[in-house]
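Welcome, and please open your viewer. This tour goes from stop to stop, telling you what to select next and what is there.

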Amino acid sequence: MASVTIENVRKSYGSVEILHGINISIDEGGFVVLVGPSGCGKSTLLRMLAGLEHITSGQIRIGNRVVNDLAPKERDIAMVFQNYALYPHLTVAENMGFSLKLAGVSRAEIAEKVRPAAEILGLAHLLERYPRMLSGGQRQRVAMGRAIVRDPQVFLFDEPLSNLDAKLRVTMRTEIKNLHQRLKTTTVYVTHDQIEAMTMADKIVVMHDGIVEQVGTPLELYDRPDNLFVAGFIGSPAMNMIAGTLTGDGRFEAKDGTMLPVGDTGSARPGQPLVYGLRPELMSPGGDIPLTVDVIEPTGAETHVVGRLGGAEITGVFRERVAVEPGSAMQIGVTPAGVHLFDEASGQRVSG
């Protein structure tokens, strides 16, 4: 395993700049997820790390080596793609050992490496099958096995679960996390799914429009988002945003006059245009805040209530099975300690 350092890396296609000076430090043995919406530059950055894209400027180091000008095969990395890219005419064992065969490794040594990797991934009984005989999850495990047998310093995953159904994605998330815990290999994982990022990562890098918005542990990003973009991107359902101002007595007044409680106001000033950020699960039935109900979404363990509060559409997540109907009103309470305040103009967090 090795650390990965990305220093002021930029990527341009002609006059169009895609990445605007990226700085990321990845510890040896870490599991880092690059997350963001489509077009934010996360896959481009991963391909630059792999040597599949030219670096316009800046520096990438794997361990102590600068790899800017090294070919992919010289970087000691292994990549798992969104597309499994398996050879249909080769068996599972042959697919897993193909890169070693190209490197001139003997058949006996290939077999010694393939067998334990197959056992780790639950593929030992499938080694003689062909890709057409496998499920989607099994094919993805074969692609992962092909990376494992190389025993690289760094694993790179480029949205590897995108082609799987919802239930299998959950299963594969657990398998990849378990794999990392067993192998301890430095891992860089790209996804647009923030739930994947939250459940798998040691550290998350949130990207948007070619820049890094925030870096931190999953709970750091959830509990203390630096700005409105991170606040709205991390969390499902997303954080509720209500525009308004801070009053002289330390409460928040929405644009329609609704008064909302606030905990730590930080550097916010009375009269300053602000955005009130409220996580859906920090609302509870019963209280003095009026919510006009539009939609009820029972999920079993929770009930999601979509409605209007303070002139904005919001979502509340209640553990209780609330008895309300669309078009009716309900009273809710808010946990002030969980409230976030953001400057409306800059989008930056101003609460403590």
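Contact here means heavy atoms within 4.5 Å. With that in hand, select Arg169, which sits in helix H6 (residues 166–183). Leaving aside residues up to four places away in sequence, Arg169 touches Leu161, Ser162, Leu164, Asp193 and Glu196. The side chains of Arg169 and Asp193 are also joined by a polar contact of 3.2 Å. Such a contact is a pair of N or O atoms within 3.5 Å; within protein, one must be able to donate a hydrogen and the other to accept it, and residues adjacent in sequence count only if both atoms are side-chain atoms. Is Arg169 buried or exposed? Arg169 counts as buried, because its relative accessibility is 14%; buried means under 20% relative accessible area, exposed over 50%, and partly exposed in between (1.4 Å probe, protein chains only).

A word on what you are viewing: this is a predicted model, in which local features need pLDDT of at least 70, side-chain atom pairs count only at pLDDT 80 or more, and totals for chains, interfaces and linings use all residues. Residues are numbered from 1 along each chain as its sequence is written, and side-chain values use heavy atoms, with hydrogens and water left out.

**Next stop: the sheet**

Switch to a cartoon view and look for six strands that form an open sheet, in the order S6-S7-S8-S3-S9-S10, with mixed pairing. Helices (H or I, at least four residues) and strands (E, at least two) are DSSP runs, numbered from the N terminus, and two strands pair if DSSP finds at least two bridges between them. Strand S6 (77–80) and strand S10 (211–216) stand at the edges with a single partner strand each, so one side of each has no neighbour in the sheet. On average, neighbouring strands of this sheet are turned by 15° against each other, direction ignored.

Now zoom in on S6 and strand S7 (residues 154–158): they run parallel and are joined by four bridges. Select Val80 and you will find it opposite Phe157 in S7. Helix H5 (residues 136–148) packs on the sheet, where it touches S6 and S7, and its direction makes about 175° with that of S6. Axes are lines fitted to C-alpha atoms, for helices over the stretch in contact, and angles run from 0 to 180 degrees between N-to-C directions.

**Next stop: the rings**

How many aromatic pairs does the structure hold? There are six aromatic pairs. Rings of Phe, Tyr and Trp (its six-membered ring) pair if their centres lie within 6.5 Å; planes under 30 degrees apart count as stacked, over 60 as edge-to-face and the rest as tilted. Select Tyr87 and Phe98: their ring centres are 4.7 Å apart and their planes at 55°, so this pair is tilted. Tyr87 lies in the loop between S6 and helix H2 (92–96) and Phe98 in helix H3 (residues 98–102), so the pair ties together parts 11 residues apart in sequence.

Then select Phe155 and Phe157, an edge-to-face pair with 6.3 Å centre to centre and 65° between the planes. Phe155 is buried at 5% relative accessibility, and Phe157 is buried at 3%.

**Last stop: a loop**

Finally, select Glu281, in the loop between strand S14 (273–278) and strand S15 (283–298). Glu281 is partly exposed, with a relative accessible area of 37%.
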